[in-house]
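Here is a short briefing to read alongside the model. Please keep the viewer open as you go through the points.

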Amino acid sequence: MATFLLVHGSFLDGRCWLCLVERLERAGHRAVTLDLPGHGSDRTPSERVTMDGYRDAIARVVTSLDEPPILVGHSMGTIAPVAESAPQSMAALVFVAGLLPPTGSSLSDTLPEFDPAYLAHAVWTPDRRSVRIAPEGAREFLYSECPPDVTEQAIERMGWEPIGPYETPLHLSDQRFGSVARYYIATTKDKVVLPALQQSIQARVRFDRVFSLATGHAPFFSAPDQLASCLESIAAERR
């Protein structure tokens, strides 16, 4: 069976994967999570959080495992730099509603393609170096299809997202990033990473296979069984 390393996206921490971990482990897989720098239990100050720090934190977990994992990333493209730095250390990459800007561009360069109504719910620190989404915005855009109790619990756990990683250009090469098997799990009712943006990423980047879930931006909350099924299919392909 496969080992999965699950990497959370903006505002959340490793706890967002708990329902998915339960399902993967029930099927006999190993599922590992982490808190990125500045998230959850990791107390790195926001001003010290960088994309390189995200990459290195993920890479440390990858190298601690006894087999190359299937690296699963939600939303932010944080798993891509790990593949660029150590392509041989993972079995595959899986982007769930993933943001993947063109090489040389940053995540912030994709923001003009977001719904302005979603961006209007951004709440900034006074120095504008960290951002979060107001609860009403989270309910409407992030978790609109989730059960109410799950939504409220997720909102309680949401933290500040440092802006530094979003400003860092990603440089991805065909020789390194391009050598890793890649999968995309599209969320066709997404109100954050809009379906048109996801489709443009799929058209630009070669993926071994694209899956589609009729969900919003957080299928690990709203459709964990379907998400687990996609990941199990990927594991079967990589065996």
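How do the residues of the lining of the second largest pocket divide into nonpolar, polar and charged? They divide into six nonpolar, three polar and four charged, where Ala, Val, Leu, Ile, Met, Phe, Trp, Tyr, Cys and Pro count as nonpolar, Asp, Glu, Lys and Arg as charged, and the others, Gly among them, as polar.

Before the details, a word on the ground rules. This is a predicted model, in which local features need pLDDT of at least 70 and side-chain atom pairs count only at pLDDT 80 or more, while totals for chains, interfaces and linings use all residues. Residues are numbered from 1 along each chain as its sequence is written, and side-chain values use heavy atoms, with hydrogens and water left out.

**Pockets**

- The second largest pocket has a volume of about 210 Å³. Of its 13 lining residues, Leu172, Asp174, Phe177, Arg204 and Val205 are the closest to its centre.
- A pocket here is an open set of points on a 1 Å grid over the protein atoms alone, where a 1.4 Å probe fits, with protein on both sides within 12 Å along at least five of seven lines; lining residues have an atom within 4 Å of a point. Grid points are joined across faces, edges and corners, and a volume is the space filled by probe spheres set on the points.
- The largest pocket holds about 360 Å³ of space. It is lined by 24 residues, and Phe11, Leu111, Tyr118, Ile133 and Tyr166 are the closest to its centre.
- By class, 19 nonpolar, four polar and one charged residues make up the lining of the largest pocket.
- Helix 4 (116-119), strand 5 and strand 6 each give that lining at least two residues. Helices (H or I, at least four residues) and strands (E, at least two) are DSSP runs, numbered from the N terminus.

- Strand 6 (residues 130-133) is joined to strand 7 by two bridges, and Val131 has Glu161 as its bridge partner in strand 7.
- Strand 1 (residues 3-7) and strand 2 (residues 30-33) run parallel, joined by four bridges. Leu5 has Val32 as its bridge partner in strand 2.
- Together with helix 1 (residues 18-26), strands 1 and 2 make a right-handed β-α-β unit: with the strands pointing away from the viewer, the path from the first strand over the helix to the second runs clockwise.

**Residues with positive phi**

- Most residues other than glycine have a negative phi.
- Ala97 has a phi near 50 degrees and is found in the loop between strand 4 (92-96) and helix 4. Ala97 is buried because its relative accessible area is 0%, and buried means under 20%, exposed over 50% and partly exposed in between (1.4 Å probe, protein chains only).
- Arg128 has a positive phi of about 55 degrees and lies in the loop between strand 5 and strand 6. At 48% relative accessibility, Arg128 counts as partly exposed.

- Ala235 is in helix 9 (residues 224-238) and is buried, with a relative accessible area of 2%. Leaving aside neighbours within four places in sequence, Ala235 is in contact (heavy atoms within 4.5 Å) with Ala2, Phe4, His29 and Ile70.
- Thr215 sits in the loop between strand 9 (209-213) and helix 8 (219-222). It counts as buried at 5% relative accessibility.

Technical notes: Two strands pair if DSSP finds at least two bridges between them.
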